[in-house]
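Have a look at the model first, then read on.

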Amino acid sequence: MMFTPAELLEINTLLTPENRIVILTHYNPDGDAIGSSLGLKHYLRAKGIFADVIVPNDFPKFLKWMPEAKKVLIADYKRKFAFDLINEADVIFCLDFNAPSRIGILGDWLTNARGKKILIDHHQQPEKFDFVYSDTVIPATCQMVYHFIEAMDDEKLVNKDIAECLYTGIMTDTGGFRFRSTSAATHRIIANLIEHGADPALITSNTWDTNTVSRLLLLALILGRIEVVKDGKVAILYLTREELKEYGFQKGDTEGFVNYGLSILGVKMAAFFMEDLYEDFIKISFRSKDDMDVNQFSRKYFNGGGHINAAGGKSDESLQGTIETFKKRIKAEENL
């Protein structure tokens with residue numbers, strides 16, 4: 001739930017121009033991670049406060065149009081600089097992740113940092129932070145950042161930069177406002193963001209109408225071999241490392257691929273399996289409809305987690321071995 005009034009007062013005393021503030025988000029940052037981090041950065045700037053945004057690794061090009069996205073510090077490229085900023089920070093905002101283990105090389109640095117740690121996140125089972133705003137019902141961390149701004153009585157500070165970033169994260173994490181977690185409150189916030197300068201047509205074009213040739217070739221490949229199992233209720237998609245190399249894979253090219261499986265008539269769950277380009281593990285994306293809880297499914301079988309209808313996982317088996325294991329697990333699922 002939202003920070004208590006006493007916590008908001010304490011946080012407000014920490015948000016001063018003199019304090020060093022950093023904003024962290026998770027490994028393989030997506031639209032909600034980058035949108036919430038930059039949206040919070042621009043909000044703090046509107047209050048006269050500077051903050052650095054640090055991410056563990058690079059993020060897709062289709063998110064780099066957002067205001068000051070190119071100023072985000074990528075720890076993979078500047079480790080010492082990132083370490084020093086986190087180590088010396090007085091305040092560390094932790095956005096869109098629920099545990100230090102979710103932020104790659106930044107995890108140990110965060111755990112050992114002296115600064116006050118403020119969590120704003122919508123994933124289940126958050127670990128301990130100094131201040132925690134956690135709500136698994138809210139569809140996007142960007143929406144939570146907006147609620148935080150409201151709770152700080154600073155809605156009047158929302159400007160075009162803030163609006164564009166928060167709109168992007170809400171749009172991407174709700175699948176274009178399609179997921180059932182999208183609420184009336186979400187749409188009211190979207191309306192407010194539009195009134196403050198967010199342009200829906202421009203944001204959609206900048207974010208989603210930016211296909212690379214490699215992405216379209218990979219999409220054509222997996223669409224040509226979708227497998228549907230469990231009496232037509234589960235769709236399976238996959239890509240091998242060799243295919244990624246052959247078609248010139250770029251970061252972000254497979255974003256949203258799993259949703260094509262879920263769009264098939266009668267399918268209640270889709271799983272997308274992809275060999276990591278450099279390391280020996282399989283990255284898995286799960287999506288579902290209705291009461292099929294892929295968060296619990298992923299936690300139980302594939303070392304992952306997320307939300308009820310959207311989760312991720314990983315496997316150390318081979319690609320085919322992972323898919324066969326998945327089929328066995330699905331066969332026993334009673335909710336499908």
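Predicted model: local features only at pLDDT ≥ 70, side-chain atom pairs only at ≥ 80, totals over all residues.

## The nonpolar core

The largest nonpolar core counts 52 residues, and Phe3, Leu40, Leu44, Phe93, Phe148 and Leu193 are the ones with the most contacts inside it. Helix H6 (residues 160-173) supplies the largest share of this core, with seven residues.

Which residues does Phe93 touch, leaving out those up to four places away in sequence? The list runs to Leu15, Ile21, Val22, Ile23, Leu24, Leu40, Leu44, Ile118, Ile120 and Phe148.

## Aromatic pairs

There are 15 aromatic pairs in the model. Take Phe97 and Phe129: their ring centres are 6.4 Å apart and the planes sit at 70°, so this pair is edge-to-face. Phe97 belongs to the loop between strand S4 (91-95) and helix H4 (106-112), while Phe129 is in the loop between strand S5 (116-121) and strand S6 (131-134), so the pair ties together parts 32 residues apart in sequence. Both Phe97 and Phe129 are buried.

Tyr167 and Phe177 make another edge-to-face pair, because their ring centres are 5.9 Å apart with the planes at 75°. Tyr167 is in helix H6 and Phe177 in the loop between H6 and helix H7 (184-195), so here the parts tied together are ten residues apart in sequence. Are these two buried or partly exposed? Tyr167 is buried, at a relative accessible area of 4%, whereas Phe177 is partly exposed at 23%.

## A cluster, and charges over rings

One aromatic cluster is formed by Phe273, Phe286, Phe297, Tyr301, Phe302 and Phe326.

Rings also meet charges here. Lys64 has its charged end over the ring of Phe59, 5.0 Å from the centre. Likewise, the charged end of Arg225 sits over the ring of Tyr238, 4.0 Å from the ring's centre.

Note on methods:
Residues numbered from 1 in each chain as written. Heavy atoms only, no water. Core = buried A, V, L, I, M, F, W, Y, C linked by side-chain atoms within 4.5 Å. Buried < 20%, exposed > 50% of the residue type's maximum accessible area, 1.4 Å probe, protein only. Helix = DSSP H or I, 4+ residues; strand = E, 2+ residues; numbered from the N terminus. Contact = heavy atoms within 4.5 Å. Phe/Tyr/Trp six-rings, centres within 6.5 Å; stacked < 30°, edge-to-face > 60°. Lys NZ or Arg CZ within 6 Å of the ring centre and 35° of its normal.
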